[in-house]
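This report is for a reader who is new to the structure shown below. Please look at the sequence and the model before reading on.

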Amino acid sequence: MAHTFQVTFDCTDPHPLADWWADALGWQREPSDEAFIRRMVAEGHAAESDTTTHRGELVWAEGAAVVHPEGTMPRLLFQRVPEVKTVKNRVHLDLRVAPADVEAEVARLVAAGATELHRASQGPHRWVTLADPEGNELCVS
């Protein structure tokens, strides 16, 4: 049996980080279902403190997601955790672009808040390792 999956990022501030990744990937934030959230609070399944507003929209405070515009890729979920990142990721995303576009993409992501960590190569393959605004690694290759 084949399974579907999502990739989950632990983070301290899920909504701005989801915005950053949506922009980095050219994806979109998953829409919030404000009516559902209000109903969950009204029925006692959630508390007002479980919600917040982000860019004028009622959202769950603990998480945010981004999705491919055509729904063809795994969903990325950003969930709040109390601790900050302290060690290297064991899993990361590789953003694959045309070889001629690597430098422009690195510059765009750094201008948007990423930090360049290092550059590496293996045979003819070259990549740049970056960190997103919360320190999660990603590579541009």
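## Basis of the model

This is a predicted model, in which local features need pLDDT of at least 70 and side-chain atom pairs count only at pLDDT 80 or more, while totals for chains, interfaces and linings use all residues. Residues are numbered from 1 along each chain as its sequence is written, and side-chain values use heavy atoms, with hydrogens and water left out.

Helices (H or I, at least four residues) and strands (E, at least two) are DSSP runs, numbered from the N terminus. Two strands pair if DSSP finds at least two bridges between them.

## The open sheet

An open sheet of 4 strands has the order β1-β6-β5-β2, with mixed pairing. β1 and β2 (28–29) each have a single partner strand and stand at the edges, so one side of each lacks a neighbour in the sheet.

Within this sheet, β5 (residues 63–67) and β6 (residues 75–80) are antiparallel and share 4 bridges. Val66 is placed opposite Leu76 of β6.

β8 and β9 run antiparallel and are joined by 7 bridges. Gln122 has His125 in β9 as its bridge partner. The hairpin of these strands has 2 residues between them, and Gly123 there takes a positive phi near 60 degrees. β9 also pairs with β10 in the antiparallel sense, over 4 bridges. Between β9 and β10 the hairpin has 5 residues, and Gly135 in the turn has a positive phi of about 95 degrees.

Thr129 is part of strand β9 and stands opposite Cys139 in β10. Its relative accessibility is 6%, so Thr129 counts as buried; buried means under 20% relative accessible area, exposed over 50%, and partly exposed in between (1.4 Å probe, protein chains only). Leaving aside residues up to four places away in sequence, the contacts of Thr129 (heavy atoms within 4.5 Å) include Thr115, Leu117, His118 and Leu138.

In helix α2 (residues 34–42) the buried residues are Ile37, Met40 and Val41. They fall within an arc of 100 degrees seen down the axis, so they line one face of α2; the arc is that of the directions from the helix axis to the C-beta atoms. β3 (51–54) and β4 (57–60) are among the elements that cover these residues. Ala35 and Ala42 are exposed on the face turned away from the buried side of α2. Gly44, with a positive phi near 85 degrees, follows α2.

Helix α3 (residues 102–111) has Val102, Glu105, Val106 and Leu109 as its buried residues. These cover an arc of only 100 degrees around the axis, which puts them on the same side of α3. They pack against several elements, including α1 (14–25), β7 (93–95) and β9 (125–131). On the face of α3 turned away from its buried side, Ala104 and Ala111 are exposed. After α3 comes Gly113, whose phi is positive, near 125 degrees.

## The largest pocket

The largest pocket is lined by 17 residues, and Phe9, Asp10, Lys85, Asn89 and Asn136 lie nearest its centre. Strand β1 (residues 6–11) gives the most to this lining, with 5 residues.

On a 1 Å grid over the protein atoms alone, a pocket is an open set of points where a 1.4 Å probe fits, with protein on both sides within 12 Å along at least five of seven lines; lining residues have an atom within 4 Å of a point.
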